[in-house]
Amino acid sequence: MRLQKCINKIVTVGVIVGVITNVSGCKPSQPIENKKVLSFSWWGDEEVHRSTLAAIEKYERMHPEIDIVPEYQGQEGYFQKIATQMASGNLPDIFQYQCSWYEQMASGALEKPADLKKLGVDFEGIEEWIMVSCTVGEEVVIYPICVDKNLLIVNQDFIDEYNFTNNQFKTWDDLLEAGIEVQSTNKTHYLLQISIDEMNEIFLPEYLKQLTGKNMLSDKGKFGFDSTQLTEALDLLQNMYQNKVIPRLNVEAMITGNIDNRRWENGKIGMRFGTISSFINMKEKVNFPISVMDVPQMEQSVSSGGEYQVKTGFAISDHTSYPKEASDFLQWLVCSKEAYETVQFTRGIPANKIIREWLMENSSLEGIYLNIQEDEFDIDSTNSLSCHEEFSALRKGIIIQMLDGKISTKEAAWQIMMETIKIW
Amino acid sequence: MVKDISVRKKFIIQGFWKYFIIMLLPVLVLEPVIIICDYHEIEGNIEFRNKRLLYQVESKLENMQQDVSSIAYHFSKSIQTNYAAKAILTKDIMSTDLLENMEGIQQYLQNMQNTDPSIFSIYVYFENDYGRFFDSRTRIQQLNNFYDKDWLGKYMNMKEISCYQARQIQEYDFADPVPVISIYHKLFPATTSQEESDGVIVVNYKQDAFRNYISNLALYNNQTIAVVNFDNEILVQNTDINLENVVDPASCLIEKTYFSYLEYTDKQGITYISLIPYTDLYEQLYFLALVSGVSLLLVLVLSIVLAWKSASREVHRLNNVISLINHEIQPSDVMGFVKNEGKNLYDYILYNVLQMFIEQDYMKMQYSQKKYKMEMLNLQALQQQINPHFMNNTLNSIYWEAIRIGGKKNTCSNMVDKLSVIMNYAMGMPSQEVTLREEIEYIKLYISIQEDRFKEKIDMRWDIEDGTQDICVIRMLLQPLIENAITHGIREKKFAGAIKCRVRQGDDCLVFWIIDTGQGVEKNKEEEIRTRLMDTEIETDHIGLFNTNLRLILKYGQQACLHFRSKYKSGTIIHFKIPII
């Protein structure tokens, strides 16, 4: 009897609980969005954006549970944006990054790039000499997107018009001489277009490296050049500027998007600085044939300059809510054939050897030699002090004053060195 | 057995109403109270909560406006920035000073954009022939090459200093357009009091960020919060419903379907709208009503189940009681069913009623048995009243015949004489008590007859406490016991035995011992006699013993019963006690 009573009670309670549970279940509920949202930030030109968005769409189709929110822009302001986001702890889950930024940004930041090895990212296909450029201390902070190098993009029609050949611009003097000839022939034509930023961040480091074989600043903040060598570099720049081998600085030149620069579009420029990736992306954008040539060298240069470098890579925030999903997407984007079927060479030459070789077999890239060897690679390109924003900004200001004739090249060299010493 | 279905039905109906009313009361009382309280709380607070919510939205928009005003102030009132920005946009040749200033302006705009993730881009425009402007996402841009041109037309037609516009910016044809809320703020010359603006700041806020903000503020799942500008353009709303009707508050559709609340700010020229579907607003009430309904249903089902179970239990119990009354089952079974656990008042009463019934029934049976025995004894007594006359006459005849045959008194006539005296004593009124002395005297006569008859001396010993011989006892109290000792004890034995009668006075009682050294009885026989003495039965064997036992019990009660102890070939002890009345 007691057992039966007990069973009866249990049944009664069960009925009540069951009904109440069902009643609770009747309450209308909102559908729950189960998608995992990953924010992904990068910089680049239109082709980079187009191909990356297409790749994202492809990935989202393959992984319906993942929603990738893209945020993209030009290179201008990207450094400041990432620096601000890192400092305030608002980094995207995945973002384009450069190792040379690490020391400037990481100190005191609320978020940092995570160690990709700890997240389980597979670096198969990345040669050891490339891995060095992805590492800060013991941590691998980026997966290299591409290896690229500085070169000159040539308007073939322009060169042909003046009966030049690409092979004749072996030295800077050759370039200067040809530039003067162009100006003497047509005052509206310029052999070389170079922006103030390119003068400061490409020409000057390249030239000094050819001269000294060293980066502008060592890791310990020591100059890789002396004032004479810097003066020589600035002299060449001043010569080219004063002889109108390069056009005068004006607002027109400051308008964003070199591709939109009217002089270049109108065929009044013979050549301009660029990279393999920008050459690839530019080919379809201009209505004249373009080709590439190596950056000129000085006679008896110590280094060739123009070596391949890991320019940039993708990083993952150490505070991401979905480290596994973020690393899976990154892995797919940078070293899967599915992704590269879409991305192709828009981001330059893939850093992953397996992908590089696969692309060589499956895509044509006229005029570009993809079989990169270790001795063609600048292992020391990520020197953070040389790329430091503040160092770059002070040089830029002094170069502008020099080109404006307010100070001599010697004074400019001296000021650059003195101001740099003040910073450190 | 209760076979009538109507009885079960009656039990079920009674039980159902009992359980249903008990369980229904809390549901009927509490749930309406909760629903009414809830309703009043919703009605009372909804306006206040909406006002507070829309105030938060207004504050957010005001903060955005203040940020834009701050940028506008920087470009209008900072003479150096104002001059440099205009010079950069209007001149073709760039001086080094202007280049440095341009860097400063660019960094300022980038910082403004980077520090507020909800800002998509910032444009700074001073009127110029080239269509140039500063863009925070890039640098200086030229309108004819730029992907976003609409804003300039809006600026040209602006009458207010500041205004809001919902737009979409499509940077690339392959990319999705970005919906933005553009806040325009006119720029005025820094050094003159000219009232004509010469430029504009346009800050493009991501609509998604603002939408997420207001969605998080929403009080209800399907609440619509919308911000509408002076031109009745919807700047942002967090749901997809068509708000065109809302702009006209007289719309019947809105009035019937939604609880609407609107706030208008003169300063901003903005209307803030909150729409809550009545289904959402009263969702909790609907839910409570549903719970009430389900509770009622539950109560109904439970009442039926409990009533059915209760009726089954009661019918079963009733059947047991009826069976008990009909003697179909043993009382112990029913008592096991109806336990006096004190849990239920009716069980307790039923238990006691049944117990009384069983006890009365038992007593009734005992009474019937006693009555039967009494009738038997009365019959015997009547018979004994007839026999004495016959016996006395017969004994007198024998006495005189013995004297005639012997010519004088002889052993036979003496024996007949003694027997006659004993007979007279024995046939006396049973209700008339005699003293112990008289009883002993007649026993002595009886023993002398036995000695005359069997020519043997019976060793009869008397151990009577002084002062007890005058105490009254029933007639023929000891004689049957002495006779039993002689007949079953001494006479069964081959050699002579002794009989001792001991009488002692206790506390208000006399205690008797009849001890003989006769044959005794075997163990099993002893047990049998004891049992029979307990059962107060009269057997043909040891009739004197059982007769005396029964008379003692009838006269003095159960405590006066005989106690029998015997050992085979050693003897027997009988003892008992009677109260001294």
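Contact here means heavy atoms within 4.5 Å. The residue sits in strand E8 of chain B, residues 234–237. Helices (H or I, at least four residues) and strands (E, at least two) are DSSP runs, numbered from the N terminus.

Ile234(B) is partly exposed, at 29% relative accessible area. The cut-offs are under 20% for buried, over 50% for exposed, and partly exposed in between, with a 1.4 Å probe and protein chains only. Its C-alpha atom is 9.4 Å from that of Thr271(B), 37 residues apart along the chain.

A word on the source: this is a predicted model, where local features need pLDDT of at least 70, side-chain atom pairs count only at pLDDT 80 or more, and totals for chains, interfaces and linings use all residues. Residues are numbered from 1 along each chain as its sequence is written, chains are lettered from A and ligands numbered from 1 in the order written, and side-chain values use heavy atoms, without hydrogens and water.

Now chain B as a whole. It has 16 helices and 17 strands. Of its 581 residues, 44% are buried. Among contacts with a separation of 6 or more, 63% join residues 24 or more positions apart.

Last, the cysteines. How many disulfides does the structure hold over all chains? The count is 0, taking a disulfide as a pair of cysteine sulfur atoms within 2.5 Å. Cys501(B) is buried, because its relative accessibility is 0%. Cys335(A), at 22%, is partly exposed.
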